Amino acid sequence: MERALQLTLCAQEVKQYLLSLGATLVGFGDVSQGLAGELRHMPVAISLAIRHPMSLANLIHTTRGPVYSNRYEQVDLLLEQLQKRVVNLLRSRGYRSLAIPPDSHRQDTRFVARLYPLFSHKVAATCAGLGWIGKNGLLVNATYGPCLSWATVLTNAPLEVCTTPYVSGQCGRCRRCVESCPAGAIADREWRREEGLVPHIDADACRRQLEKNQQLMGEDICGLCILACPRGRAGLQEAGYLRWLKGRQSRQ
Ligand code: SF4
Ligand code: SF4
């Protein structure tokens with residue numbers, strides 16, 4: 001009966017719809033492998049991302065050098081609005097869906113929120129061919145680097161999925177984030193899908209650095225592994241960061 005109510009919906013239609021609403025990247029992945037039992041009826045992930053509005057305002061200068069804030073509440077709000085729109089579209093065609101919000105770890109007392117920790121945006125984005133997990137432990141897109149915020153909608157709609165998912169990292173010999181990390185928290189190791197999502201970063205060392213920064217400037221941010229990534233250079237160039245950095249270096 002449910003199937004009889006389902007109307008055709010193609011991936012291209014969903015993609016164009018989301019891009020027209022402001023998404024930067026949209027992709028579709030088969031995430032059936034390893035999906036938690038509670039989510040198994042929705043084996044397709046719609047992965048969407050919005051690039052960070054790069055701005056020098058995100059650079060905070062300390063006596064020890066710059067740090068970079070990649071917290072963009074406005075981007076997260078827009079991603080959630082896009083998720084609502086695509087969920088409504090899927091529902092109108094008779095399909096099920098679950099929107100996993102950008103900041104899926106935040107405190108949320110709603111019943112549905114118990115499902116969020118069962119799925120990671122990293123699985124959706126890598127299966128959709130939109131990015132790999134970089135040595136810095138973040139999703140890295142070939143064009144925008146790690147300068148993106150991500151969200152996911154799981155669905156049972158039979159959308160065409162990516163046939164070339166990322167199954168390993170593409171950082172190659174680059175080790176700029178490794179060298180930029182003041183805490184020595186990043187290992188020079190490439191991600192491989194068969195290892196799962198285990199990050200190659202020392203989360204405790206990173207946390208200690210953030211605590212240090214909190215004491216130093218009142219905010220627990222660092223982001224040097226984002227600033228260092230050559231894959232996000234285009235956005236930094238636009239924001240004038242590279243010019244600023246060059247000027248700063250010549251003054252030293
Ligand atoms: S946020 Fe800073 S301390 Fe943490 S891994 Fe990145 S560079 Fe290292
Ligand atoms: S800085 Fe280099 S090694 Fe680190 S995530 Fe970016 S591309 Fe990968």
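This is a predicted model: local features need pLDDT of at least 70, side-chain atom pairs count only at pLDDT 80 or more; totals for chains, interfaces and linings use all residues.

Biologist: How many helices and strands are in the protein chain?

Modeller: Nine helices and eight strands. Helices (H or I, at least four residues) and strands (E, at least two) are DSSP runs, numbered from the N terminus.

Biologist: And what share of the protein chain counts as buried?

Modeller: 38% of the 252 residues. Buried means 20 or more other C-beta atoms within 10 Å of the residue's own, exposed means 12 or fewer, and partly exposed is in between, with C-beta atoms placed from the backbone.

Biologist: What about contacts between residues at least 6 apart in sequence?

Modeller: Of those, 73% join residues at least 24 apart. A contact needs C-beta atoms, placed from the backbone, within 7 Å.

Biologist: Which residues touch the most other members of the largest nonpolar core?

Modeller: Ala45 and Leu48, in a core of 62 residues. Strand S2 gives the most to this core, with six residues. A nonpolar core is a set of buried Ala, Val, Leu, Ile, Met, Phe, Trp, Tyr and Cys residues joined through C-beta atoms within 7 Å. In soluble globular proteins, nonpolar side chains tend to be buried together.

Biologist: What does Ala45 touch?

Modeller: Leaving out residues up to four places away in sequence, Ala45 touches Gly29, Val31, Ala124, Cys127, Ala128, Thr152 and Leu154.

Biologist: Which H3 residues are buried?

Modeller: Val75, Leu79, Leu82, Gln83, Val86 and Leu90. They sit on the same side of H3, because they cover an arc of only 105° around the axis. That arc is taken over the directions from the helix axis to the C-beta atoms.

Biologist: What do they pack against?

Modeller: The buried residues of H3 pack against helix H2 (11-20), strand S2 (44-51), strand S5 (97-100) and strand S8 (148-155). The other side of H3 has exposed residues, including Glu73, Lys84 and Arg91. After H3 comes Gly94, with a positive phi near 90°.

Biologist: And H6, which residues are buried there?

Modeller: Cys206, Gln209 and Asn213. They fall within an arc of 60° seen down the axis of H6, so they line one face of the helix. Asp204, Glu211, Gln214 and Gln215 are exposed on the other side of H6. H6 is followed by Gly218, whose phi is positive, near 85°.

Biologist: Now the ligands. Which residues come nearest to ligand 1?

Modeller: Cys181, Cys206, Gln209, Cys222 and Cys225, out of 14 around ligand 1. Helix H6 (203-217) and helix H7 (224-227) are the elements that give two or more residues to that shell. A residue is near a molecule or strand if its C-beta atom, placed from the backbone, lies within 6 Å of it.

Biologist: What classes make up the shell around ligand 1?

Modeller: 10 nonpolar, four polar and no charged residues. Ala, Val, Leu, Ile, Met, Phe, Trp, Tyr, Cys and Pro count as nonpolar, Asp, Glu, Lys and Arg as charged, and the others, Gly among them, as polar.

Biologist: Which come nearest to ligand 2?

Modeller: Gly134, Cys171, Cys174, Cys177 and Cys229, of 13 around ligand 2. The shell around ligand 2 has seven nonpolar, two polar and four charged residues.

Biologist: Last bit. Is His52 buried or exposed?

Modeller: His52 is buried, because 24 other C-beta atoms lie within 10 Å. His52 is in the loop between S2 and strand S3 (59-62).

Biologist: And Arg40, buried or exposed?

Modeller: Arg40 counts as exposed, because it has 10 C-beta neighbours inside 10 Å. Arg40 is in the loop between S1 and S2.

Technical notes
Residues are numbered from 1 along each chain as its sequence is written. Chains are lettered from A and ligands numbered from 1 in the order in which they are written. Two residues are in contact if their C-beta atoms, placed from the backbone, lie within 7 Å.
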